[in-house]
Amino acid sequence: MSRFFTLVGALAIAYAFGWKLALVATTVTAPIGLLAGYYRFKYELEFEKMNNAVFAESSQFAAEAIGAFRTVSSLTLEDTITTRYEGLLMGHVGSAFRKATWRTLIFAFSDSVGLAVQSLIFWYGGTLLASHEYGILNFFVCYIAVVQGAEGAGQGFSFGPNAAQATAAANRILSIRESRNRDKDTNTAQIPDTDGGIKIELKDLHFRYPSRNISVFKGINITIEKGQFAALVGASGCGKTSIISLLERFYEVSRGQILANGTDISTLDVFEYRKKLSLVAQEPTLFQGTLRENILLGVDPDSISEERLHAVCRDASIHDFIISLPDGYNTEIGSRGVSLSGGQKQRIAIARALIREPSILLLDEATSSLDSESEKLVQAAFERAANGRTMVVVAHRLATVQNADVIFVLGEGKVLEQGSHAELLKKRGVYWNMCQSQALDR
């Protein structure tokens, strides 16, 4: 702001003492200076944006390679990963050099405008002095005022790099805030009567992923009654996990409705809605910290008693392992639970889901990482946990869903068969063939 007032004051003085010279300076040189400053600022923004994108891409690749160091080592990919990373960086360096060439020319032009202004003023001012139209006082006051104004404007443009960095950082922050605002609905609708679980209805549901043109569902209809243990089975790619994602509102449906006790879930505040759900994914996600902290994620730690924590961990068949550790529940598990086996991480994720006491329990291949004995224990725990809540299970191993109240066999974007295990076997259809392949037809 001070630079702006400096420029205005300098121009006012210049016009007062020599309007002709001031007019030439402002009408001829000022547009050139402003144009140079604009392009300088524009290239600063573009360069800063490119720099952030380069850093994000290279750091993501490096983080993935380091996070999968066991896979990299087992496949002896050290040299391959290093070569790919070097190629990625060199590609970015080449792009930066090409961008920097234009940036250097723009900067040079912007910095030389000041000298061009002074040269023009001296030439035209000398002409006015030679014709005795201007006196020495008029010329020097006008000259100093114009130069001061130009310097003020130049100093304002010198903040261009800092302004570009601040603008890029602000845009990233605003994009996060806007994404949160998109997720947070203004509707205040509530799911009525959630005691005993929630009735789920998929009505004429059409869906396709934003990055694909292939429809996953073409008018699928599914009804899961309140408190039911429902299973989704079918071949890979038939849309089992997509239904879980839609129930969690990770994606919005293309057409149709998903109802929870008769209320369209798209009208609910997404954060309040998700408090009614617990999800155990096929790949459990743990965070650096203690076992206790990971199990109590998503709940108020002060509201959970030690007895309740231990009971949930017993249901998930992980309590005995935890107390065998030197620090028990306060054991640090490292980044992403690196010190735990796959089955142990899965059972911790199961305990984390159960302790929330959700109205809907979603299990996406939740027992895929467990051995047969642990799977039986956890399956029994799930069947106990199903009392008083709706449970939706995605499974490839059909032995885990034989006791389900209803089984939906998915394929071709629709429900091919539905019924209990015994009912579907009697039909001798798709489910019967799947059971035969897993020796479960008896």
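**A walk from a sheet to a core**

Strand β4 and strand β5 (residues 263-264) pair in the antiparallel sense, with two bridges between them. Strands here are DSSP runs of E with at least two residues, helices are runs of H or I with at least four, and both are numbered from the N terminus; two strands pair if DSSP finds at least two bridges between them. Before going on, keep in mind that this is a predicted model: local features need pLDDT of at least 70, side-chain atom pairs count only at pLDDT 80 or more, and totals for chains, interfaces and linings use all residues. Residues are numbered from 1 along each chain as its sequence is written, and side-chain values use heavy atoms, with hydrogens and water left out.

Back to the hairpin. Leu259 stands opposite Asp264 in β5. Two residues sit between the strands of the β4 and β5 hairpin, and Asn261 takes a positive phi near 50° there. On β4 (residues 255-260), there is also antiparallel pairing with β1 (residues 200-207), over five bridges, and Lys203 faces Gln257 in β4. Strand β1 also pairs with β2 in the antiparallel sense, over six bridges, with Glu201 opposite Thr223 in β2.

Now for some rings. Rings of Phe, Tyr and Trp (its six-membered ring) pair if their centres lie within 6.5 Å; planes under 30 degrees apart count as stacked, over 60 as edge-to-face and the rest as tilted. By this rule there are four aromatic pairs. One of them is Phe61 with Tyr85, a stacked pair at 6.0 Å centre to centre and 5° between the planes. Phe61 belongs to helix α2 (residues 19-67) and Tyr85 to helix α4 (residues 78-130), so this pair ties together parts that are 24 residues apart in sequence. Phe61 is buried, at 17% relative accessible area, while Tyr85 is partly exposed, at 29%; buried means under 20%, exposed over 50%, and partly exposed in between (1.4 Å probe, protein chains only). In another pair, the rings of Phe207 and Tyr209 have centres 4.9 Å apart and planes at 75°, so that one is edge-to-face. Both Phe207 and Tyr209 are buried, and together with Tyr251 they form one aromatic cluster.

Next stop: helix α15 (residues 430-437). Its buried residues are Tyr431, Trp432, Met434 and Cys435.

Tyr431 leads us inside. Leaving out residues up to four places away in sequence, Tyr431 touches Val233, Leu398, Ile407, Val409, Glu417, His421, Leu424 and Leu425, where contact means heavy atoms within 4.5 Å. A nonpolar core is a set of buried Ala, Val, Leu, Ile, Met, Phe, Trp, Tyr and Cys residues joined through side-chain atoms within 4.5 Å. The largest one has 46 residues, and Ile295 and Tyr431 touch the most other members. Helix α12 (residues 342-354) gives this core its largest share, six residues.
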